[in-house]
Amino acid sequence: DGPVAILARVLARGQGVTAGYHERRLPVPNDALDWLLLENRDRVASVAERQVKDAHDMITQVLSPALLAFRRAGKSGKPSDDDRAWTWPWRDDLDRLIDEHFFDLLWQALAAADDHDGQMIWQHFLKTQAETVLKRAFAAAPSVSSRSWRAQAEGGNVFKALLHKSFPDLAPPRQDQEESAA
């Protein structure tokens, strides 16, 4: 009747080398214990898989292109390997934030009134964290007065456009949609 946790242990291997031993203890709140029952397995798996896909999309389809637009503001052509490498620490930052909160938000999503509400909890979290990482990238970059503002505008515009493309439920209604609804 005390606190419950899942203990996961794995020895990771890859191409003839050991990538290390990993251990993680996942606390399970008392109100989420029912989700661990066998009959709930499919729903838990479905929600968790959707969260993983959303996290991947936020990193690869939204944050990474926005970072590249910021880094390459005003430049033409394809991003260089250096440009792409510059994005990795920021992508890793978002990945760490997602990892820290994944299970807490999984339990919240499962407890939501319906699957859409649960997905919105997760997607709002992703949006907020990705915006925070993008702003930190803006602040950490060297500032060359006119280029800095242009770069931030380009990165911010790409972020908003791709966020609304990849996560349409997070997009605020357009003015013409609001007017036609009135």
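Colleague: In which helix does Gln119 lie?

Modeller: Gln119 lies in helix H3. Helices (H or I, at least four residues) and strands (E, at least two) are DSSP runs, numbered from the N terminus. This is a predicted model, where local features need pLDDT of at least 70 and side-chain atom pairs count only at pLDDT 80 or more, while totals for chains, interfaces and linings use all residues. Residues are numbered from 1 along each chain as its sequence is written, and side-chain values use heavy atoms, with hydrogens and water left out.

Colleague: Is Gln119 buried or exposed?

Modeller: Start with the cut-offs. Buried means under 20% relative accessible area, exposed over 50%, partly exposed in between (1.4 Å probe, protein chains only). Gln119 has 18% relative accessibility, so it counts as buried.

Colleague: Which residues is Gln119 in contact with, leaving aside its neighbours within four places in sequence?

Modeller: Contact means heavy atoms within 4.5 Å. On that basis, Gln119 is in contact with Arg50 and Asp54, its neighbours within four places in sequence left aside.

Colleague: How should I read spacing along a helix?

Modeller: An α-helix has 3.6 residues a turn, so residues three or four places apart point the same way. Now take Gln123, which also lies in helix H3.

Colleague: Why does Gln123 count as buried?

Modeller: Because its relative accessibility is 5%. Not counting residues up to four places away in sequence, Gln123 touches Asp54, Phe167 and Leu170.

Colleague: What joins the side chains of Gln123 and Asp54?

Modeller: A polar contact is a pair of N or O atoms within 3.5 Å; within protein, one must be able to donate a hydrogen and the other to accept it, and residues adjacent in sequence count only if both atoms are side-chain atoms. The side chains of Gln123 and Asp54 make one of 3.1 Å.

Colleague: What happens at the start of H3?

Modeller: There, Asp114 has a side-chain oxygen within 3.0 Å of the backbone nitrogen of His116.

Colleague: How many residues does H3 have, and what does it span?

Modeller: The expected span of a helix is 1.5 Å times one less than its number of residues. H3 covers residues 115-140, 26 residues in total. From first C-alpha to last, H3 reaches 38 Å, close to the 38 Å expected.

Colleague: How many helices and strands does the protein have?

Modeller: There are 5 helices and 2 strands. From the N terminus, the order is β-β-α-α-α-α-α. The C-alpha trace spans about 60 × 60 × 25 Å along its principal axes. Of the 182 residues, 34% are buried.
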